[in-house]
Amino acid sequence: MAQEFDKFGDIRLSIRSLCGNFPGEYWRDLDRKKSYPSQFVKAMTESGFLGVLIPEQYGGSGMGISAAAAILEEIHKCGCNAAACHAQMYIMGTILRHGSNSQKSEYLPKIASGELRLQAFGVTEPTSGTDATRIKTTAVRDGDGYIVNGQKVWTSRVEHSDLMLLLARTSPRGEKEKRHEGMSVFLIDIRESVGNGLTIHPISTMINHATTEVFFDDLCVPPDSLVGNEGEGFKYILDGMNAERILIGSECIGDAYWFIEKATNYAKERKVFGRAIGQNQGVQFPIAKAYAATEAAKLMVEKASALFDTGKDCGAEANMAKMLAADSSWEAADMCLQTHGGYGFAEEYDVERKFRETRLYQIAPISTNLILSYIAEHVLGLPRSY
Ligand SMILES: Cc1cc2nc3c(=O)[nH]c(=O)nc-3n(C[C@H](O)[C@H](O)[C@H](O)COP(=O)(O)OP(=O)(O)OC[C@H]3O[C@@H](n4cnc5c(N)ncnc54)[C@H](O)[C@@H]3O)c2cc1C
């Protein structure tokens, strides 16, 4: 695939070399055991790539979202899965944008070096789902600090993280004028909290994702855990979502290229009826279509990244990038499995694993319907539906 004008060519080469140490066999083995890819995450951390968004003054490389997107795309293009560590790149954005100077100087250099892992992000709850304004987890003032009670679900990587960014209610819903007001963001020290009011239950899922349910039972949180102003947390979380959408979109693009390359190679090699299956246009066209869709989606990821990096509003583009990229990776996944016939179901080809992994992006971190609703309402001015 043409990458000749890519200004991140050197970064991509380094990623490819690093990912070469983590072939399909490594991921298959972890998948069977449902184990966390610790070695891969260690290698990514030591390489410094996870600190790419952290400004140089805090020990990162301060390169911006376009570079981060190239890194994640390339990881996925190599058949690896960055979901185990991608959050270390962007969750810190909330501290960078809204944290106090002392929070920034205490945490960011350690996150950049990997000494501290900030991998967990607790927003989703069982009863509120996508409607995060209805979360029920509360943080009630107690002296200078807070007492947290409630439950989160799908809190990923929390067992492999030192810190968690938590969204909790500090005022009851309805007390404030707007529905997104009255929520606050806290930086929770998981190491100190487990066994002292924080309980973690792993959830077994169709992909190897280290995701969990998290229970808060009178967890005492010190006052300096609050990030920014009390009651404004929902806005801070929204601020971070554009970065997340762009970066997840870039992982989808990487997955799509992986499926396309895998299918192309197989279609050239596999002979049925005395000729390569790729000689049949019925096999060629879905591959070509998936390629065209991926190239187009990649342009939207690049547009959103460029806007983000120049500080311009990119809400619409980040949402469209995530949706188009997730659609292109899912189309490519289905095409790749079909091209492989029965062998697509065999673990050793990695197609079924990547197929399961890339399906997630139709749902998380935001489902396709909710993106369409955003475009309809905020871009096209259609009436609000919820
Ligand atoms: C593996 C995994 C990892 C995750 N990791 C994290 C994490 O680290 N931290 C975190 O906070 N969350 C995480 N999530 C949660 C994820 O963001 C949510 O699952 C997602 O936002 C959807 O919420 P829900 O599952 O409650 O679905 P629901 O909100 O119950 O929605 C169910 C379905 O109904 C549709 N729907 C709902 N409302 C509407 C509407 N108004 N119009 C049209 N369609 C609608 C949705 O599109 C969806 O298809 C993770 C989820 C998974 C599966």
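The legends below describe a predicted model, in which local features need pLDDT of at least 70, side-chain atom pairs count only at pLDDT 80 or more, and totals for chains, interfaces and linings use all residues. Residues are numbered from 1 along each chain as its sequence is written, and side-chain values use heavy atoms, without hydrogens and water.

**Figure 1. The whole chain and its surface.** The accessible surface of the chain is about 17600 Å², and carbon and sulfur atoms account for 52% of this area. The chain contains 13 helices and ten strands; helices (H or I, at least four residues) and strands (E, at least two) are DSSP runs, numbered from the N terminus. Its C-alpha atoms fill a box of roughly 80 × 50 × 40 Å along the principal axes. Of the 386 residues, 54% are buried, where buried means under 20% relative accessible area, exposed over 50%, and partly exposed in between (1.4 Å probe, protein chains only).

**Figure 2. The largest nonpolar core.** A nonpolar core is a set of buried Ala, Val, Leu, Ile, Met, Phe, Trp, Tyr and Cys residues joined through side-chain atoms within 4.5 Å. The largest such core has 76 residues, and those touching the most other members are Phe40, Met44, Leu53, Ile71, Ile75, Met89 and Ile111. Helix H9 (residues 233–269) gives the most to this core, contributing ten residues. In soluble globular proteins, nonpolar side chains tend to be buried together.

**Figure 3. Surroundings of Ile111.** Leaving aside residues up to four places away in sequence, Ile111 touches Ile54, Gln88, Met92, Ile95, Leu116 and Leu118; a contact means heavy atoms within 4.5 Å.

**Figure 4. Helix H2 and its cover.** Within helix H2 (residues 24–33), the residues Gly24, Tyr26, Trp27, Arg28, Leu30 and Asp31 are buried. The cover over the buried residues of H2 includes helix H3 (38–47) and helix H12 (351–359). Just after H2, Lys34 adopts a positive phi of about 55 degrees.

**Figure 5. Glu331 in helix H11.** Glu331 belongs to helix H11 (residues 315–339). With a relative accessible area of 27%, Glu331 is partly exposed. Glu331 touches Lys289, Ala290 and Ala293, not counting residues up to four places away in sequence. From C-alpha to C-alpha, Glu331 and Lys33 are 28 Å apart in space, and they are 298 residues apart in sequence.

Terms used: Areas by Shrake-Rupley, 256 points an atom, 1.4 Å probe, with all protein chains shown as cover.
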